[in-house]
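Subject: Structure for you, with notes

Hello,

Here is the structure to look at.

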Amino acid sequence: MSRTSTPARPSQLSTALARDRLGVAAVVFFVMSAAAPLTVVAGVVPTGLAVTGLTAISIAFLAVALVLAVFAVGYVAMARHIANAGAFYAYIARGIGRPFGVGAAWVALLAYNSFQIASYGGFGAIAAPLFADWFGVELPWWGISLVAWALVAVLGVRDVAVNGKVLATLLIAEIVLVVIFSVADMLTPDFAASSAPLNPGSLVGAGAGALLVMAVTGFVGFEQSVVFSEESRDPRRTVPRATYIAVALIAVLYAFSAWAMISAAGPDPVARAGAEGPELFFNLASDRLGGTALHLGHALFLTSLIAAMISFHNIIARYTFSLGREGVLPRAFGRTVPATGAPKNGSLAQSALGLTAILVYALAGWDPLVQLFFWGGTTGGIGVLLLITVTSAAVIGYFARNPEGEDAWHRIVAPVLGTVLLLVMTYLALTNIAVLFGVAPGSTPTWAVPLAYAVLTLAGVLWALILRRSRPQVYRGIGMGARSAGHSFRDATSEAHQ
């Protein structure tokens, strides 16, 4: 009696991200959307003026861009050797050690989720009064945030190229608006070209550290070009080009717009920034462009936040996917939808976390603008700065063991210089943490945030050590990316024991 075998049904999930979907422009759109240029220009610049009392914000942006460009030399060089959606996690695991890589992964998840969830609070809190003004409808902030959350959740499980097209549209619109508003500032009657924003001498002294760290937050997202390396066309060329283009564009845009804003704000821009806050950017240009431009500016300010949400959601989903694929998190997170290449389970997990945060803040009656948007963004910024600093050191460690294919500038000189500069910036961030959070020294955020990152790092290290003892095959695959998903660890075991 013959037996008829039933053909196996095709799997609805895979362990691979979509290949060859993103070119240089698309990666730049993802990176710059996470940086949220309009949000930084309208929010970070006036806040930096008001909090520090210093006008040297333009030179601060340029100085930070220079430091990050030096860091990027070794960073993108490492990307030529390691294509992994886990980025920081993979690089630190391969450069310093697997336990520290897992610790970095926990830190990255907290830092990027802080940005993502903060954006929901900021969007709802800023949109509610605007909707009341535009449409005469009083809506709760959390109701508006839930609409944005739903949009991001749907896009999160779609093809990454679809997300790229949405981000391209939103990003181009906000960049054009920033340029037009900045030019309008130069045409206002009170405009007087000021050298103060470009005076490097202002970066020495009280408040300068906080100003530099605030400038760093404006670049958060640039480092995520390597997250999309597995989905890029020719990643060895795409990732470096996208990284350097993004840093350069962000630096020029920020420096120019900050200079124009301060020059148009009259004899005391610090006082105006303190009194008007983010509205300073819009008010200055609307004096020349009119009320319609003001409304358009506010609308694009909201879409800037949406673009940031979409970008960070994609970043977080890919980190979660990378950890799941390697077995550091449950394997279910390391699955994608073959038709789109989207890391579906990682995306759904982030959506669930975002929904929970919105509902908790709504039920508790907490301030979505200060306690979610401002504090969450600052928490994320500190975490990313810590990760960049450790990753810079990891680049040195990796090339010390694997020097092939890179010259001394990429392997040693730039990484060492970048690490020293980043250590200085990290020190400034931690010593100015009260200023960054806008609270009194010793207040809860000043110690709770560093403690949370320290605890997560320790927890990740301990979890990696548990894996080394209980699941050595999984441990050997940490940081190996797609190769670990196939359970082939010949390359991993050939490396030095970490």
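A salt bridge here means a side-chain nitrogen of Lys or Arg within 4 Å of a carboxyl oxygen of Asp or Glu. This is a predicted model, where local features need pLDDT of at least 70, side-chain atom pairs count only at pLDDT 80 or more, and totals for chains, interfaces and linings use all residues. Residues are numbered from 1 along each chain as its sequence is written, and side-chain values use heavy atoms, with hydrogens and water left out.

The salt bridge count is 2.

One joins Arg272 and Glu276, N to O at 2.9 Å. Both sit in helix α10 (residues 269-276), 4 residues apart, so about one helical turn separates them. (Helices are DSSP runs of H or I, at least four residues, numbered from the N terminus.) Arg272 is partly exposed at 24% relative accessibility. Glu276 is partly exposed too, at 23%. The cut-offs: buried is under 20% relative accessible area, exposed is over 50%, partly exposed is in between (1.4 Å probe, protein chains only).

Arg80 pairs with Glu406, with the closest N and O atoms 2.9 Å apart. Arg80 is in the loop between α3 (57-79) and α4 (88-95), and Glu406 is in the loop between α14 (368-401) and α15 (408-431), so this pair ties together parts 326 residues apart in sequence. Arg80 is partly exposed at 21%, whereas Glu406 is buried at 10%.

Now the helix. In α8 (residues 208-217), 9 of 10 residues are buried. Among them are Leu211, Leu212 and Met214. The cover over these buried residues includes α2 (37-52), α3, α14, α15 and α16 (433-437), with contact meaning heavy atoms within 4.5 Å.

Best wishes

Technical notes. Helices (H or I, at least four residues) and strands (E, at least two) are DSSP runs, numbered from the N terminus.
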